Amino acid sequence: MDFSQVTYQLLEGFGTTVLLFVLTLVLALPLGLLVAFGSMSKFKPLRWLTRTVVWIIRGTPLMLQVIVVFYVPGLLFGVNLGTRMTAVLVAFVINYACYFSEIYRGGIESISKGQYEAGQVLGMTKSQIFFKIVLFQVIKRITAPISNEVITLVKDTSLARVIAVGELILASQDIVATYGIIYPLFYSGVFYLLFCGLLTIMFNFIEKKLAYYH
Amino acid sequence: MPVLEVKNIKKSFGKLEVLKGIGFELQKGEVLAIIGSSGSGKSTLLRVLNFLEKADGGSIAVNGETLYDANIINKNKDGDLRKKRLHFGLVFQSFHLFPQYNTLQNVSLALNLLSKEKVREMLRQDKRPFMTRLFALPKTYKLYRDMLKKEMTANREKAIKIIERVGLSDKIDCYPFQLSGGQQQRVAIARALALEPDILCFDEPTSALDPELTGEVLKVIKDLKNYNSTMIVVTHEMEFAKDVADRVIFMCDGKIEETGTPEEVFGNPKSERTKQFITRF
Ligand SMILES: Nc1ncnc2c1ncn2[C@@H]1O[C@H](COP(=O)(O)OP(=O)(O)OP(=O)(O)O)[C@@H](O)[C@H]1O
Ligand SMILES: [Mg+2]
């Protein structure tokens, strides 16, 4: 197997990795905000329910959650989640939404009461206060922790391998097992490195843009 | 007719009775200084007037219109409450400027939001048939943009004038973190003035400032008197109260212990507690 074939096979796996990464972010970032509002709700049952779910999800391994989502619906209820990819995606979205929700909550709660009151006294509506005053400050405060999570997600996508979704690691492992060559393992590492590097540059750029005030 | 009529305001936090029936009147252009020891309920009173806290008893009327009456169960909708709040302005002890906006933006934000709503409301008044409105959409959109632009320009000019009044023309593009405490508080005053409240309230506007910075802020407040602004100033600056106030209220334990002209309260206090408080300064 020559280098271009290896590259091609790894790229295929990388495609799945990127797809999982992008879909997880697109779904989990907004869902996380909903979960955050749930965990800050004045309605106690909702608040406790949300916080318990977040506690369970954050307190157990993502790998376990992937396996549970893949096997349990089928074995217990005879429901088929569709493809393996869907199962992984569901587990990832739930998991990351919970992590994001805690970051959002921290960000929102860190805005002082004075900011809200200043807006109220100036006759602003609740939504004006949220969108014109609070949101921007929250975004600035959460960029760093969110970027950490996003970079972790790049590497977490490899957990899809446990239920044999053909992502990058599985692709490289296949080559190693079939052809007895080692370098694809390191080669796949380069893919992750470049991807993370790119994201780091992007987030640094955003942080710089937001750094015009303290 | 007084600008402000406050009657028998009561407020408790749980079992703690913080305001035990506060009442006073303010005439147009009058400056009222409220003094009193820590915990006597001065901030709470200002917060009640600005509808940040809901009074348990009493009533508040501005220009003869009753804004709040505890005896009348008024389900204050968010919108109503906002309109009522606009009668009052509040300058906080610790400024609470919006850090992501510069001086001009801080001062004009609320004005611009109000303009946006006003223009939208005007469009909503359009009662022509749906299809007619649909076809007129591009035209309506242009109208909306033009009106808004005009309003925004007016707001900007107004904000610039007010910023000039507090002496910060050279800091108009600065963000709060680039300003000294005194300058930040002056921006906060400009921000409150922009909405032209009937009554402007100050809660210890100089308490968070280094002593050498209090002067510039007090000067701005004193200057507002020349514009006939009606003001309530909670302060520990006795000299300032003597100098600027038309009337002084000494609060103690959630009640008005003594009230009168500065000469009466400072020069010849009737109450023993007022005497004790004043001699401490
Ligand atoms: N949200 C609240 N919940 C419970 N207690 C409160 C609340 N706000 C104020 N209090 C209490 O009400 C009392 C009066 O507080 P307030 O802030 O009005 O006093 P103050 O006269 O402004 O004092 P200072 O000069 O220290 O600012 C205090 O005992 C305070 O602890
Ligand atoms: Mg106070």
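Helix H1 of chain B gives the largest share of the shell around ligand 1, three residues; helices (H or I, at least four residues) and strands (E, at least two) are DSSP runs, numbered from the N terminus. The model is predicted, so that local features need pLDDT of at least 70 and side-chain atom pairs count only at pLDDT 80 or more, while totals for chains, interfaces and linings use all residues. Residues are numbered from 1 along each chain as its sequence is written, chains are lettered from A and ligands numbered from 1 in the order in which they are written, and side-chain values use heavy atoms, with hydrogens and water left out.

The shell around ligand 1 holds 13 residues, of which B:Ser38, B:Gly39, B:Lys42, B:Ser43 and B:Thr44 come nearest; a residue is near a molecule or strand if one of its heavy atoms lies within 4 Å of it. By class, three residues of this shell are nonpolar, eight polar and two charged. Here Ala, Val, Leu, Ile, Met, Phe, Trp, Tyr, Cys and Pro count as nonpolar, Asp, Glu, Lys and Arg as charged, and the others, Gly among them, as polar.

Polar contacts are pairs of N or O atoms within 3.5 Å; within protein, one atom must be able to donate a hydrogen and the other to accept it, and residues adjacent in sequence count only if both atoms are side-chain atoms. An N or O atom in the side chain of B:Thr44 lies 2.5 Å from an oxygen atom of ligand 1. For B:Gly41, a polar backbone atom is 3.0 Å from an oxygen atom of the ligand, and for B:Ser40 a backbone N or O atom is 3.2 Å from a ligand oxygen. On its own, ligand 1 has 630 Å² of accessible area, and the protein covers 59% of this; accessible areas come from the Shrake-Rupley method with a 1.4 Å probe, and for residues only the protein chains shown count as cover. The elements that give two or more residues to the shell are strand E2 (16–26) and helix H1 (42–49) of chain B.

B:Leu19 is found in strand E2. This residue counts as buried because its relative accessible area is 0%, where buried means under 20% relative accessible area, exposed over 50%, and partly exposed in between (1.4 Å probe, protein chains only). B:Leu19 and B:Gly41 are 22 residues apart in sequence, and their C-alpha atoms are 6.2 Å apart in space.

Strand E7 of chain B (residues 199–203) has five of its five residues buried. B:Ile199, B:Cys201 and B:Asp203 lie on one side of E7, with B:Leu200 and B:Phe202 on the other, and both faces are covered. Strand E6 (residues 88–91) pairs with E7 in the parallel sense over four bridges, two strands being paired if DSSP finds at least two bridges between them. In this pairing B:Val91 stands opposite B:Phe202. E7 also pairs with strand E8 (residues 230–234), in the parallel sense and over five bridges, and B:Leu200 stands opposite B:Met231 of E8. From E7 the chain crosses to E8 through helix H7 (residues 211–224), a right-handed β-α-β crossover; right-handed applies if, with the strands pointing away from the viewer, the path from the first strand over the helix to the second runs clockwise.

B:Lys84, in helix H2 (residues 78–85) of chain B, counts as buried because its relative accessibility is 15%. A polar atom of the B:Lys84 side chain lies 3.0 Å from the backbone oxygen of B:Leu67. Overall, chain B has 10 helices and 10 strands, and 53% of its 281 residues are buried.
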